[in-house]
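Thanks for making the time this morning. I would like to walk through the ligand site of one model, beginning with the contacts and then turning to the pocket.

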Amino acid sequence: MPLKIIRQDITKLECDAIVNAANSSLLGGGGVDGAIHRAAGPKLLEECRGLGGCQTGDAKITYGYNLPAKYVIHTVGPVYAGGNRGERELLISCYKKSLDLALSHGCESVAFPLISSGVYGYPKPEAFRVAVDTCLEFLKENEMLIYIVVFDKHGYNIGKKNFADLDEFIDQNYVSEQEEIFKSSKNAFDLPRFSKAKKIAGMVAGAVPCDEAICESIEMPDFELDESFTEMVLRKIDEKGMTDPECYKRANIDRKLFSKIRSDIHYRPSKMTAMALGLSLELPMNEFEELLQKAGFALSKSDMTDVIIDYAIRHKIYDIFAINEALFSKDLATF
Ligand code: ADP
């Protein structure tokens, strides 16, 4: 959650601050700058007039006026001139200075467009990498929800870095829901009969009628509950010598959610949270599936997200941000 790649009009985002890819006059322009000024209304320009411009690589803050965001952070990206004129350092500086301003103004969430990747000509894949890497660096030391807004998805090579043959894998492994239903209905008669334990579980859940005669004929085994989801997560953190922050940051989940999980041994996470923690703990497939089962889930071949996770684990890709890029490239919800 702390770093989200999304595709949306940044002017519509409800967060504490949005960042504007401005020019050094701060008096408005085209692209995202024009869109922000139009949506914020004339008072934004009025406040900007008093700022005296802004240097490339630097950032200044104003209110957001008619925008859903409370603040606009104006930063001036470098004009790309081949890559040997310090463009990368200046672009990194735009993100850093903007994040520092957001932090000092108490923002808990901030959204960036891909600075310099429009009229200023910075090659899109590189502009995207600088954005992601600089924000992740910041998140190592700070708590914030950062959105990277990718307006026009094409041309960024998102998801291509570690998932070179993902499409082929999907072709071979993805089973559409219809096929899945057909397959399972063919096998319906081969299903093993319910075991006694399953019958008991069914009765407890109210699915199997419990008349006294059946109950009497069943010897109730001594149930000892298996290790719970939370217990397995905490055990794995210990075994790997990780700290809690290392674990939840790698999982891209926020501290509050993690402390909820930690403090409730029967916590039932969503499937995405369960998978995020399994990835963060770098579990091999058998343990990853065990962890999911403890939360009541399984990987399915008829779910594209699951197929991508399957691919990632088979290829030992546990970097959730790389996986998010692959999910984003397929228009799927990200971690
Ligand atoms: P720069 O001059 O820094 O290159 P641009 O505004 O030309 O700034 O483009 C920066 C990025 O913002 C581009 O990738 C462009 O697609 C994107 N962009 C344009 N309008 C919006 C918007 N409304 N919301 C989010 N991103 C946008």
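This is a predicted model: local features need pLDDT of at least 70, side-chain atom pairs count only at pLDDT 80 or more; totals for chains, interfaces and linings use all residues.

**Contacts and pocket of the ligand**

A backbone N or O atom of Ser116 lies 2.8 Å from an oxygen atom of the ligand, a polar contact being a pair of N or O atoms within 3.5 Å. A ligand oxygen is also 2.6 Å from an N or O atom in the side chain of Ser117, and a ligand oxygen is 2.9 Å from a polar backbone atom of Val119. Of the 560 Å² of accessible area that the ligand has on its own, the protein covers 90% (Shrake-Rupley method, 1.4 Å probe).

Residues are numbered from 1 along each chain as its sequence is written, and side-chain values use heavy atoms, with hydrogens and water left out.

Around the ligand there are 17 residues, of which Asp9, Val32, Ser116, Ser117 and Gly118 come nearest (a heavy atom within 4 Å). Helix H1, residues 31–40, gives the most to this shell, with three residues (a DSSP run of H or I, at least four residues).

The space taken by the ligand is the largest pocket, an open set of points on a 1 Å grid over the protein atoms alone, with protein on both sides within 12 Å along at least five of seven lines, and with lining residues having an atom within 4 Å of a point; a molecule sits there if more than half of its atoms lie within 2 Å of the grid points. H1 gives the most to the lining of the largest pocket as well, with four residues.

Definitions and conventions
A polar contact is a pair of N or O atoms within 3.5 Å; within protein, one must be able to donate a hydrogen and the other to accept it, and residues adjacent in sequence count only if both atoms are side-chain atoms. On a 1 Å grid over the protein atoms alone, a cavity is a set of points where a 1.4 Å probe fits but cannot get out, and a pocket is an open set with protein on both sides within 12 Å along at least five of seven lines; lining residues have an atom within 4 Å of a point. Helices (H or I, at least four residues) and strands (E, at least two) are DSSP runs, numbered from the N terminus.
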